[in-house]
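Here is a short briefing to read alongside the sequence and the model.

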Amino acid sequence: MKYWRRPLDIATIRIPHGQIHVLRERCKGCGWCVAYCPRQVLEVSDEFNSKGYHPPRVVNEAACVSCGLCEMICPEFAIYRVEEEREVETL
Amino acid sequence: MSEPTLRTEAKAVEPEAAPQERHPMDDLLREERLPHIWCSGCGIGTALTCFISALLKSGLDLDKVVVVSGIGCTGRVAGYVRLDSFHTTHGRAIPFATGLKLANPELKVVVFSGDGDLVTIGGNHFIHAARRNIDMTVICVNNFNYGMTGGQAGATTPVGAVTTTTPYGNYEHPFNLPYLAAASGAVYVARWTVLHVRRLERAISEALAKRGFSFVEVVSPCPTNFGRRHKQRTGLDTLRYYHERGIIRHGADPRSVDIELGGDIIEGKFIDIEKPTFSDCCAGIVQKAIAQ
Amino acid sequence: MSSEKGVLSGSFFMQGDVACAEGAITAGCRFFAGYPITPATEIAQRMAARMPQIGGTYIQMEDELGSMNAVLGASWAGVKAMTATSGPGFSLMMENLGLGIMTETPCVLVNVQRGGPSTGLPTLVAQGDMMQARWGAHGPYEIIALAPSSPQELFDLTIRAFNLSERFRTPVLIMTDAEVGHMTERVVIPPPEEVTIVPRRKPRIPPGDGYQPYVADDDLVPPMAVAGEGYRIHVTGLTHDERGYPATSDDSAQWKLIQRLVNKIRLYKDEIIEVEELYLEDAEVVVVSYGIAARAAMWPIELAHREGIKVGMLRLITVWPFAEEKIRALAERARAFVVPEINWGQIALEVERCAAGRVPVYLVPHPGGDIHKPEQVLAAIRRAVA
């Protein structure tokens, strides 16, 4: 993010970060998480699970802000994030 | 999304060798039955996710939460939640739920079923439970057809829609569910699509907290049996349609929120009122009865 | 929560339908869902007046389908529940009676039979639903059905019906009729301590991973956890396994489930079958009857005795499971059966089946609308010994 000036309380701002976990065997390749992640963290992978679907894969790990949209929008209970501390001021 | 290429180099991934990863919601799911039966691109799973999320935040005693469903794809929800759950006959989830609630008022009863089950075959029970203001939460997943049986027309199928029983286009006018619920006496009426997950979760939370007959319509894709016949080949196509044509209008007059084929989808919270429940009214006569 | 007006002990001049409602209350019924239909409406009316007095619930549902389902739901919330109807409503309840059978839900369904088919004779007696009671819900199953002949018996059998429903974890039917339902006779309601109540069989292990809703005890009946107790049960009308989960792709599940549902009743029918035997020691003709038709047959039997005919009565108090062994035993020594029933031959078919051609079975049919005239039954008895 670009600021026009540096905020005085920037040290207290913590931008969350999420560690994405995919339960690959549950995925049915609907593509919703990939399409609606606001940070383009995911893409459809080349691999496939035992049912023949292509699960998502994290392609931009640093971009994840743990918004949880993928977790909410997935119809399969196949993706979730674990929120972590992050020590960056900007993304 | 790019064109699919011939994936000759694609390789199968070994199912997790490590102890099976658990999803945070697995405590409330019968995970031994996952993956569930719903199609790729079906929105029922998302509706269920929003429900479980709302439930976990609600502070309710989960041992007292009961899910009752009917027959159909959405009706299978009862079989996947790790709560006391009842998968009843077609159209009869609401009276079954009525019996549960009135016999044990401590139960938190949620009816989770589809449009065909709840308002087509179940229409009579729907309007009477709303009329009586039985204290229950009804989550109706509306995918505009009878999906489980291959995509027949139902009471919410829009005019012109092609289904297996309307091969030349549906010529019956459908119900407007928020209008039906509101006119019947529901105290909470909202509609969201499965795209609007956060607002759907919040609506479900409000419906759970509300005393009386609370109704949430969840508009959902059915790519296999509905979308496919209407130029929405995948669930994602339908979500994009919701994105484009979904309009949020809180407090809209329920009369105005009809859904037409290819038209706008008005979403929001339409009704949120207070009214004595069936049990409140019943309690009113008990003193008189005992005195007799 | 409940007041002292639960069991109305005493001696009353009471209508059959009212006695039925009081029997239910005495048995512990605290939930009634129904729909008005002649000649069962009085049961609903009595329940509407009495349930609020004793902390129970009365709800008049929008139709009979709703009524049956509300009863099942109430039972799954742990409350003894009942509904009452007549022929047209009985037909509407069939699908969900099947749900009750499949999910093993204890409850009681009263059918005050009237003239049929269809709207028929709403205010007049018939016994035309007896086979429907046995087979009306689609699929293979056993059912328990009781047939009272008087308001007192309707009171007593309603209590028995609740007890049987809890013992066998199944819906139990009371097949009465417009005559018994609407007649007014002396009914004695005993003090509560003299009434035997069979409690629901509950799980013996606490909530946790061990309990499975359809693991049966040795007598093929599973202990029943209900909603709200923490067992997180799943109950479905689909063919299911012992966990209660749908098992429609499992070859053996339907075999196991159906055999258990049938055998839990069939193998224990000695606990269920009740008959009344009159003058059978040396009977040459056996009148097999039930409900009001059995009462109406008593005078013809008396008249036949005066003509020197050795005729006795086997009154079926339990109609289903059918008293096969009794009929087979009687077929060994009697010359004929006479079956007066107010239909065109339903239980007579069962008598024929069990007699297996050894002795003739004379049906005395009546299409409904009245009880048999004495001459009709007497003529059949005479023909049986001719």
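The notes below cover the sheet, the helix packed on it and a chain contact.

This is a predicted model, in which local features need pLDDT of at least 70, side-chain atom pairs count only at pLDDT 80 or more, and totals for chains, interfaces and linings use all residues. Residues are numbered from 1 along each chain as its sequence is written, while chains are lettered from A and ligands numbered from 1 in the order in which they are written.

**The sheet**
- An open sheet of 9 strands runs S7(B)-S8(B)-S5(B)-S6(B)-S4(B)-S3(B)-S1(B)-S2(B)-S10(C), with mixed pairing; strands (E, at least two residues) and helices (H or I, at least four) are DSSP runs numbered from the N terminus, and two strands pair if DSSP finds at least two bridges between them.
- Its edges are S7 (246-248) of chain B and S10 (234-236) of chain C, each pairing on one side only.
- From one strand to the next, the twist averages 20° (angles run from 0 to 180 degrees between N-to-C directions, with axes fitted to C-alpha atoms, for helices over the stretch in contact).
- S1 (residues 65-69) and S2 (residues 84-87) of chain B are parallel partners over 4 bridges, and Val66(B) has Asp84(B) as its bridge partner in S2(B).

**The packed helix**
- H1 (residues 44-58) of chain B packs on the sheet, touching S1, S3 (108-114), S4 (136-142) and S6 (213-219) of chain B; contact requires C-beta atoms, placed from the backbone, within 7 Å.
- The direction of H1(B) makes about 155° with that of S4(B).

**Chain B against chain A**
- Contacts link 31 residues of chain B with 25 residues of chain A.
- On the chain B side, H1, H7 (197-209) and H8 (235-245) of chain B each give two or more residues, and H1(B) gives the most, with 6 residues.
- That side of chain B divides into 17 nonpolar, 9 polar and 5 charged residues (Ala, Val, Leu, Ile, Met, Phe, Trp, Tyr, Cys and Pro count as nonpolar, Asp, Glu, Lys and Arg as charged, and the others, Gly among them, as polar).

Technical notes. Contact = placed C-beta atoms within 7 Å.
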